[in-house]
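Biologist: Let's read a structure together. I will ask about a feature, and you take me from the idea to the case.

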Amino acid sequence: MEPLFSPALHIQRHQFVVDFVRGKKPKKVVDLGCGECKLLKKLRFHHEIEMLVGVDINEAKIKRYMHGLAPISTDYLQPSFDWLSIEVYKGSVTQRDARFKGFDLATAIEIIEHLTPADVEHFSAVVFGYMRPGAVVISTPNSDFNPLLPGLSGFRDRDHKFEWSRAEFRSWALRVCSEYGYEVEFTGVGEALHGHHDSVGFCSQIGVFYRLTASYPPNTLGDDEDVFSYTLLYHINYPSLRDNNTLRRVLVSEVLYQAEQLKVRWIEENSGGRCLCLTCGRMKELQIEPHTEVEEKQEGAGAEEDQVLQTSRPNQQDPLNRYVTVPLSALWLNCPKIKKLSGSLVNLRHLLMDEPEVRLSEDGRTVLVKYQEEDQEGDLDFPSEDDGFTEVSCCSNSFEQEEDWEANV
Ligand code: SAM
């Protein structure tokens, strides 16, 4: 049979929530009756969400699907500054759990019709009276639409305890609003074809509830005590640059990578009589001068001046003991990612100080990069020099007069 809706109705329902999240930007979202965790999987890509929680009564179902919520490899390789924590619980929406208070948004997509009428009352009290999220999105089948569903007799699902008409849904929703201090807007997804919409409404009807008051005085549920009736089955914190360990890991690998890149470029160009100006990023004629101590310029004033790569050969006999020194200020100035990750040059030095993978000079101002890795022996030609230490510098800071750096790579 041809699908009645395109995209399929369950996708449209989830898309409705995704669009709502895009517009309202809630930070803490809970999906009640999360089932196969499909909505949670979609919502985890929304940067504004910091906490994503699901609960379902069906433990086996959760366990089958919850691992699909795990971060993927790019989340580890290129973490963002976003913060995301996901938790999935086994529990019933008819029972309270203190961990579910204080959410910005709760969604209950196609779950209410699975509850007995008595449990719908518990659900209303728990969700609107106890959890009290800022907004609630509830979707449920609209029985007015059922005559248009080919071959349907009875309910749309064997587990449904009821299916409300638009009037029945409206009556329940308005009662909940007046009882618990919310207001509601009615909408839906899945439109009837051939101008039937006005007479039957949407296939899935949706109520969007907004909390009017932060607190709810009548304490019918005895919510003074904190109850923990749900069982945590899954918990994951996504890698985030807001976490210091993750930040250091990413920063270290970027510094090592960029320092190595600069070294390789320098060596390539150096052998051709040219060198890389790390300030302007352009190639300049190589000047070999007697070694003088290269002072790293202070952040601010010095940062505008030319930074140079320098080779150091404390032991000329041992090619593996040669280093290219890359000023931290050069890395900070020339690598936007390093700049963004560290925030300031002082911070960059501070963050790298105790990192065993990064070899810093004694004064902590330059990164020492091995001129030739053990497994590269013989691959690289060291530029000819007269003495053990050679400073490679560039002459001017004027961008206009210099050759285009891009053209040299
Ligand atoms: N919300 C999901 C979605 O949109 O795909 C799943 C909808 S599925 C039709 C209904 C879900 O509600 C099932 O996963 C079922 O286990 C869950 N459910 C039924 N009664 C529940 C209860 N009392 N508490 C929590 N979840 C319940």
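Biologist: Which residues of helix 5 are buried?

Modeller: First, a caution: this is a predicted model. Burial is read from relative accessible area, and buried means under 20%. In helix 5 the buried residues are V120, F123, S124, A125, V126, V127, F128, G129, Y130 and M131.

Biologist: What covers the buried residues of helix 5?

Modeller: Look for contacts, meaning heavy atoms within 4.5 Å. The cover includes strand 1 (28–32), strand 4, strand 5, helix 6, strand 6 and strand 7.

Biologist: What does the backbone do just after helix 5?

Modeller: Check phi there. R132 follows the helix with a positive phi of about 50 degrees. R132 belongs to the loop between helix 5 (117–131) and strand 5.

Biologist: Is R132 buried or exposed?

Modeller: Compare its value with the cut-off. R132 counts as buried because its relative accessibility is 7%, and buried means under 20%. Its side chain also reaches back to the backbone oxygen of F128, at 2.7 Å.

Biologist: Now helix 1. How many residues does helix 1 have, and how far does it reach?

Modeller: Apply the span test again. Helix 1 covers residues 9–24, which is 16 residues. From first C-alpha to last it reaches 23 Å, close to the expected 22 Å. K25 comes next, with a positive phi near 50 degrees.

Biologist: Which residues of helix 1 are buried, and what do they pack against?

Modeller: List the buried positions, then trace their contacts. The buried residues are L9, Q12, R13, H14, F16, V17, V18, F20 and V21. They pack against helix 2 (38–43), strand 4 (105–109), strand 5 (135–141), strand 6 (182–189) and strand 7 (204–211). Strands 4, 5, 6 and 7 are also among the elements that cover helix 5.

Biologist: On to aromatic rings. How many aromatic pairs are there?

Modeller: Rings pair if their centres lie within 6.5 Å. That rule gives 14 aromatic pairs. Take F5 and F145: their centres are 6.0 Å apart and their planes meet at 45 degrees, so the pair is tilted. F5 lies in the segment before helix 1, and F145 in the loop between strand 5 and helix 6 (166–180), so the pair ties together parts 140 residues apart in sequence.

Biologist: Are F5 and F145 buried or exposed?

Modeller: F5 is buried, with a relative accessible area of 12%. F145 is buried too, at 2%. For a stacked pair, turn to W164 and F169: 6.0 Å centre to centre, 25 degrees between the planes. Both W164 and F169 are buried.

Biologist: Where do charged ends sit over rings?

Modeller: Check the distance from the charged end to the ring centre. K28 sits over the ring of F103, 4.9 Å from its centre. R96 sits over the ring of Y130, 5.4 Å from its centre. Y130 is one of the buried residues of helix 5.

Biologist: What does S85 touch?

Modeller: Ignore residues up to four places away in sequence. S85 then touches E50, M51, L52, H235, I236 and N237. Its side chain makes a polar contact with the side chain of N237, at 3.4 Å. S85 is in strand 3 (residues 85–90) and is buried, with a relative accessible area of 9%.

Biologist: Where is A330?

Modeller: A330 lies in helix 9 (residues 328–334). At 0% relative accessibility, A330 counts as buried.

Methods: Residues numbered from 1 in each chain as written. Predicted model: local features only at pLDDT ≥ 70, side-chain atom pairs only at ≥ 80, totals over all residues. Heavy atoms only, no water. Helix = DSSP H or I, 4+ residues; strand = E, 2+ residues; numbered from the N terminus. Expected span 1.5 Å × (residues − 1). Buried < 20%, exposed > 50% of the residue type's maximum accessible area, 1.4 Å probe, protein only. Polar contact = N/O pair within 3.5 Å; in protein donor to acceptor, adjacent residues only side chain to side chain. Phe/Tyr/Trp six-rings, centres within 6.5 Å; stacked < 30°, edge-to-face > 60°. Lys NZ or Arg CZ within 6 Å of the ring centre and 35° of its normal.
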